[in-house]
Amino acid sequence: PPSLTWGGSAPTTAAAPDPNDRLGPVAQLDRALSLLDSVPASAGPADLLVWTLRLADLRDDLLATGAGQP
């Protein structure tokens, strides 16, 4: 939602890591993509597809570099 746009356009915004979350970067992206896919296009922000495509590209890049390997 609106925080996607704000967080993506504010370069000084830093996410606070959750010390209890043990998912790797590819699993994190899978989770994010699943959440974005669950938002109906009519109910989401106008740039929902853009964010989904950007995350999917990032996931593909991570897998291509071997970051998805255990």
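The legends below describe close-up views of a predicted model.

**View 1. The chain and its helices.** The chain holds three helices and zero strands, in the order α-α-α along the sequence. Helices (H or I, at least four residues) and strands (E, at least two) are DSSP runs, numbered from the N terminus. Of the contacts with a separation of 6 or more, 50% join residues 24 or more positions apart; contact means heavy atoms within 4.5 Å.

**View 2. The largest nonpolar core.** Eight residues form this core: Val 26, Leu 29, Leu 33, Leu 36, Leu 48, Trp 51, Leu 55 and Leu 62. Helix H2 (25–37) and helix H3 (48–64) each contribute at least two of the core residues. A nonpolar core is a set of buried Ala, Val, Leu, Ile, Met, Phe, Trp, Tyr and Cys residues joined through side-chain atoms within 4.5 Å.

**View 3. Surroundings of Thr 52.** Thr 52 lies in helix H3 and is buried, at a relative accessible area of 14%. Apart from neighbours within four places in sequence, Thr 52 contacts Leu 33, Leu 36 and Asp 37.

**Notes.** Residues are numbered from 1 along each chain as its sequence is written, and side-chain values use heavy atoms, without hydrogens and water. In this predicted model, local features need pLDDT of at least 70 and side-chain atom pairs count only at pLDDT 80 or more, while totals for chains, interfaces and linings use all residues.

Definitions and conventions. Buried means under 20% relative accessible area, exposed over 50%, partly exposed in between (1.4 Å probe, protein chains only).
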